[in-house]
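Subject: Structure handover

Hello,

Here is the structure I said I would pass on. Please open it and keep it beside you while you read my notes below.

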Amino acid sequence: MKKFVIVFYFLVPFAFAQNMKQCKHRFDSYLNFKNSLNKVVIFEKDVIYFLDANGNKELAIYAEELKLMASFFEHTNFKKQEALLKNKGLKKFSKRQRDSIFIFIDDRKTVSRNLHQLPLQGYRVAIDPGHFGTNLADAQIEQKYLYFVKDSLTNPNDSIKLFESLLTFHTAKMLQSMLEEKGANVMLTRDQANFTSFNCTYQDWIKNYKIRSLDSLLRIDLISKEKYNKLQNCSDYILFWEFFRDYDLANRSAKMNKFNPHASAIIHFNVDEKNDPWKKFTTKNFTMAFIGGAFTADNLNNPESKLNFLRLLFTQHVNQSEKIAKQTVANFHKKLSIPAAKQSDADYLLNSCLSTHSSGVFCRNLALCRRIASPLVYGESLYQDNEKEALELMKSDLDLYGLKTNTRLMQVARSYYEALFDFLKHY
Ligand SMILES: [Zn+2]
């Protein structure tokens with residue numbers, strides 16, 4: 001009898017302590033941007049308190065509840081999470097209450113496999129090819145293009161013309177084919193290089209959906225009458241920066257979450273920030289990737305943002321994202337021969353990001369890094385305005401998966417593919 005008591009005494013608290021330790025480690029290493037959450041998230045020995053804007057405790061999660069929270073936030077949507085937490089407050093769930101919540105969690109991520117299947121059969125991967133502009137009018141609105149004369153003195157007609165949306169889309173299509181060849185089920189947030197996530201061009205969205213969308217947002221009080229009037233009459237450029245950019249990003253993450261992916265890739269191509277307004281080459285080139293995290297106290301005032309923060313705190317998403325991102329950056333570095341960025345290599349890395357232990361991987365509270373409810377990598381493989389990259393990226397000398405593309409983009413796609421394959425293989 002004595003022996004039983006000793007085993008019970010040591011094992012149970014130790015198991016809880018491990019969970020609290022993991023949460024605290026995630027909080028310190030990934031989530032708490034420059035200690036700005038120290039007054040709103042308080043870790044005690046067996047409980048985590050979350051404080052409201054007035055400093056009052058509004059939510060308590062106890063050590064015994066962490067396993068339930070991890071599973072609940074892994075497998076439920078925003079609405080269910082909001083409802084659970086509203087009713088929880090500072091109460092501690094009994095074992096019976098915890099068990100009854102567990103019963104209603106629908107795990108659609110467990111994959112049963114047999115030896116005859118392709119290696120990624122049963123796994124879902126969501127891919128977001130960033131941006132949408134593939135003509136100068138759209139790309140100028142979005143500010144995601146390069147267009148300049150290479151050498152105005154000796155060669156005034158020879159210009160650099162690159163649209164980031166086309167680069168991300170080609171990369172995404174190749175990555176999709178590589179993953180599908182191994183049996184994965186892959187979704188892209190948009191179907192064509194010049195499409196937004198509403199699967200039409202920005203101009204067609206304005207023509208066919210703008211009024212309908214603004215009307216419905218006004219009806220449910222998500223925009224004010226004043227903002228509604230302004231957006232009805234403003235230029236396409238203002239409409240993009242004051243409304244459509246965030247609206248499109250919210251739609252991208254909603255589509256990805258509906259797909260319930262095991263892993264996600266968000267594909268972008270970077271520029272040298274010091275080369276603004278990007279009318280000439282830069283000699284610099286760095287590779288990097290972002291994952292979720294780096295929250296400030298203000299971020300937690302928004303209910304949706306707060307739920308995303310809690311998911312990142314309770315689940316393994318941010319640890320798993322670091323694994324995929326670390327491998328992706330290592331592949332970019334190896335295949336493309338680009339150095340991984342250090343925090344001192346760009347102002348946004350210093351001012352808005354937390355460094356991780358993985359070279360070139362940074363926590364950044366970008367909308368998609370925060371909202372997509374799966375392990376993810378947000379890749380910025382190279383600088384498009386680099387003197388060598390720009391020339392390589394302009395080429396269409398490679399026929400692959402039905403695309404006229406180039407070796408650089410194929411290597412970028414391959415880098416994402418190998419990192420995702422490795423991660424899913426060990427899922
Ligand atoms: Zn981009």
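A residue is called buried if 20 or more other C-beta atoms lie within 10 Å of its own, exposed if 12 or fewer do, and partly exposed in between, with the C-beta atoms placed from the backbone. This is a predicted model, in which local features need pLDDT of at least 70 and side-chain atom pairs count only at pLDDT 80 or more, while totals for chains, interfaces and linings use all residues. Residues are numbered from 1 along each chain as its sequence is written. Helices (H or I, at least four residues) and strands (E, at least two) are DSSP runs, numbered from the N terminus.

Loops

Q143 lies in the loop between α5 and β5 (145-151). Q143 counts as partly exposed because 14 C-beta neighbours are inside 10 Å. Its phi is positive, about 65 degrees, although Q143 is not a glycine. Most residues other than glycine have a negative phi, and most peptide bonds are trans.

H131, in the loop between β4 and α5, also has a positive phi, near 70 degrees. Is H131 buried or exposed? H131 has 27 other C-beta atoms within 10 Å, so it is buried.

N38 sits in the loop between α1 (2-31) and β1 (41-43). N38 counts as exposed because it has 12 C-beta neighbours inside 10 Å. From N38 to F27 the separation is 11 residues in sequence and 10.0 Å in space, C-alpha to C-alpha.

In the loop between β8 and β9 (288-291) you will find P277. The peptide bond from D276 to P277 is cis, with omega near 10 degrees.

Helix α10

Helix α10 covers residues 236-259 and bends by about 50 degrees at F243. The bend at a residue is the angle between axes fitted to the seven residues ending there and the seven starting there. F243 is also one of the buried residues of α10, which include L239, F240, F244 and D248 as well. Elements that cover the buried residues of α10 include β4 (124-129), α5 (136-142), α9 (225-233), β8 (263-270) and α14 (367-371). Just after α10 comes N260, with a positive phi of about 55 degrees.

For the angles below, axes are lines fitted to C-alpha atoms, for helices over the stretch in contact, and angles run from 0 to 180 degrees between N-to-C directions. Angles under 35 degrees count as roughly parallel, over 145 as roughly antiparallel, 65 to 115 as roughly perpendicular and the rest as oblique. Two residues are in contact if their C-beta atoms, placed from the backbone, lie within 7 Å.

Helix α2 (residues 66-75) packs against helix α11 (residues 303-314) at an angle of about 120 degrees, with the axes 9 Å apart. That angle makes α2 oblique to α11. On the α2 side, L66, M69, A70 and F73 meet L310, R311 and F314 of α11. This contact has 6 nonpolar, no polar and 1 charged residues. Here Ala, Val, Leu, Ile, Met, Phe, Trp, Tyr, Cys and Pro count as nonpolar, Asp, Glu, Lys and Arg as charged, and the others, Gly among them, as polar.

How do α3 and α11 lie relative to each other, and at what angle do they cross? The axes of helix α3 (residues 78-88) and α11 come within 11 Å and cross at roughly 90 degrees, so the two helices are roughly perpendicular. F78, Q81 and E82 of α3 make the contact with P303, E304 and L307 of α11. By class, these residues are 3 nonpolar, 1 polar and 2 charged.

Regards
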